[in-house]
Amino acid sequence: MSLDRIGWAVAVVAPQPSDQLLEIGCGHGVAVTRVCERLVDGEIAAIDRSAAMIAAAARRNDRYVAAGRATLQVADLGSLDLAGRRFDKAFAMRVGVFTRGDPTREFAALVRLLKPEGRLFLFHDEPSTDADEVVARLEAAALRHRWMVEARLKHVFEGGWVACVIARPPS
C-alpha cells in the first residue's frame with residue numbers, strides 16, 4: 001500500500017494503544033484522526049497557532065474529542081503549559097521553525113513536555129530543497145540543543161518526499 005506523507009508519518013510515529021502523544025501544528029487534524037484510530041486508552045493533544053485550523057481539526061475529530069482521545073488547543077509550543085502533563089511521543093510536520101528558525105524555546109518546551117524516555121519526530125518536506133539537506137537541517141537543530149538523534153529517514157512517495165529525524169531529549 002502506498003502511503004501519503006501524513007500516513008507515512010503516523011506509521012513512523014507508530015502510536016501504541018496507550019500512548020500519550022503531542023502533535024505540534026496539527027492543521028486540519030488529519031494526523032489526529034489517524035492517530036486516534038490506533039488509540040484505546042491513550043490520548044493525543046494537538047496544538048496549532050491558528051484558531052481556524054483548530055476549529056477545522058475539531059470538526060474533523062469531534063467523535064475523538066467527545067470520547068476523550070483527543071484534545072485540541074490554540075497554542076504556541078514555545079509557551080505551552082499543560083500543567084505538568086508529559087508525553088511518550090511528540091511530532092511535528094512542516095513546522096518551519098525547526099528548519100529555518102531558532103527553535104530554542106520549542107526544544108526547551110519539549111524537554112518539559114516529553115517523558116525522559118520520550119521521542120520527538122520531526123517531519124518536513126520542501127519541494128524546492130533536496131531531502132538530504134532537509135534531514136541535515138533537522139538534525140543540526142536537534143544536536144544544537146543537545147538532543148540525541150536516533151534516526152534519519154526519508155520517504156519518497158508519489159508527488160514528493162518527506163524527511164524525518166527522530167530524537168530523544170537530553171539526559
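Trainee: Which residues does Asp 88 touch, not counting residues up to four places away in sequence?
Mentor: Bear in mind that we're looking at a predicted model. Asp 88 has its place in strand β4. Leaving out residues up to four places away in sequence, the residues Asp 88 touches are Ser 18, Asp 19, Gln 20, Leu 114, Lys 115, Gly 118 and Arg 119.

Trainee: Is Asp 88 buried or exposed?
Mentor: The cut-off for buried is under 20% relative accessible area. Asp 88 comes in at 18% relative accessibility, so Asp 88 counts as buried.

Trainee: And which side chain does the side chain of Asp 88 join in a polar contact of 3.0 Å?
Mentor: Start with the backbone: the side chain of Asp 88 reaches the backbone nitrogen of Gln 20 at 2.7 Å. The contact you're asking about is between side chains, and at 3.0 Å the partner of Asp 88 is Lys 115.

Trainee: Let's go to the other Asp. Where is Asp 125 found?
Mentor: Asp 125 is buried, with a relative accessible area of 11%. As for its place in the chain, Asp 125 sits in the loop between β5 and α7.

Trainee: Which residue's side chain does a polar contact of 2.8 Å join to that of Asp 125?
Mentor: Setting aside neighbours within four places in sequence, Asp 125 is in contact with Arg 5, Arg 94, Trp 161 and Val 162. Of these, the side chain joined to Asp 125 by the 2.8 Å polar contact belongs to Arg 94.

Trainee: Which residues line the largest cavity?
Mentor: There is one cavity of 30 Å³ or more in the structure, and the largest cavity holds about 40 Å³ of space. By class, its lining has four nonpolar, one polar and three charged residues. The lining residues are Arg 5, Ala 9, Met 93, Arg 94, Phe 123, His 124, Asp 125 and Val 162.

Trainee: How many of the residues of α1 are buried?
Mentor: The buried ones in α1 are Ile 6, Gly 7, Trp 8, Ala 9, Val 10, Val 12 and Val 13. They pack against β1, α2 (30–36), β4, β5, β6 (148–157) and β7. That leaves α1 mostly covered, and the count of buried residues is seven of nine.

Trainee: Which residue follows α1, and with what phi?
Mentor: The helix α1 spans 5–13. The residue that follows α1 has a positive phi, near 50 degrees, and that residue is Ala 14.

Trainee: Now the core. Which residues of the largest nonpolar core touch the most other members?
Mentor: Take Leu 110 as an example: not counting residues up to four places away in sequence, Leu 110 touches Leu 22, Ile 24, Leu 77, Ala 90, Phe 98, Leu 120 and Trp 147. The largest nonpolar core has 32 residues, and those touching the most other members are Leu 22, Ile 24, Leu 77, Phe 98 and Leu 110.

Trainee: Which element gives the most to this core?
Mentor: Several elements supply at least two residues each: β1 (20–24), β2 (43–48), β4 (87–93), α6 (104–113), β5 (114–124), α7 (131–144) and β7 (160–168). With six residues, the one that gives the most is α7.

Trainee: How many residues are in the second, separate core?
Mentor: Val 12, Ala 57, Tyr 64 and Ala 70 are included in the second core. Val 12 is also one of the buried residues of α1. The second core's count is 28 residues.

Trainee: On to the pockets. How much space lies in the largest pocket?
Mentor: The largest pocket is lined by 16 residues, and Ile 24, Arg 49, Asp 76, Val 95 and Val 97 lie nearest its centre. By class, the lining divides into eight nonpolar, two polar and six charged. β2, α5 (97–100) and α6 each supply at least two of the lining residues. The space in the largest pocket is about 270 Å³.

Trainee: And how much space lies in the second largest pocket?
Mentor: α1 and α2 each supply at least two lining residues here, and the classes are five nonpolar, four polar and three charged. The space in the second largest pocket is about 180 Å³.

Conventions: Residues are numbered from 1 along each chain as its sequence is written. This is a predicted model: local features need pLDDT of at least 70, side-chain atom pairs count only at pLDDT 80 or more; totals for chains, interfaces and linings use all residues. Side-chain values use heavy atoms; hydrogens and water are left out. A nonpolar core is a set of buried Ala, Val, Leu, Ile, Met, Phe, Trp, Tyr and Cys residues joined through side-chain atoms within 4.5 Å. Buried means under 20% relative accessible area, exposed over 50%, partly exposed in between (1.4 Å probe, protein chains only). Helices (H or I, at least four residues) and strands (E, at least two) are DSSP runs, numbered from the N terminus. Contact means heavy atoms within 4.5 Å. A polar contact is a pair of N or O atoms within 3.5 Å; within protein, one must be able to donate a hydrogen and the other to accept it, and residues adjacent in sequence count only if both atoms are side-chain atoms. On a 1 Å grid over the protein atoms alone, a cavity is a set of points where a 1.4 Å probe fits but cannot get out, and a pocket is an open set with protein on both sides within 12 Å along at least five of seven lines; lining residues have an atom within 4 Å of a point. Grid points are joined across faces, edges and corners, and a volume is the space filled by probe spheres set on the points. Ala, Val, Leu, Ile, Met, Phe, Trp, Tyr, Cys and Pro count as nonpolar, Asp, Glu, Lys and Arg as charged, and the others, Gly among them, as polar.
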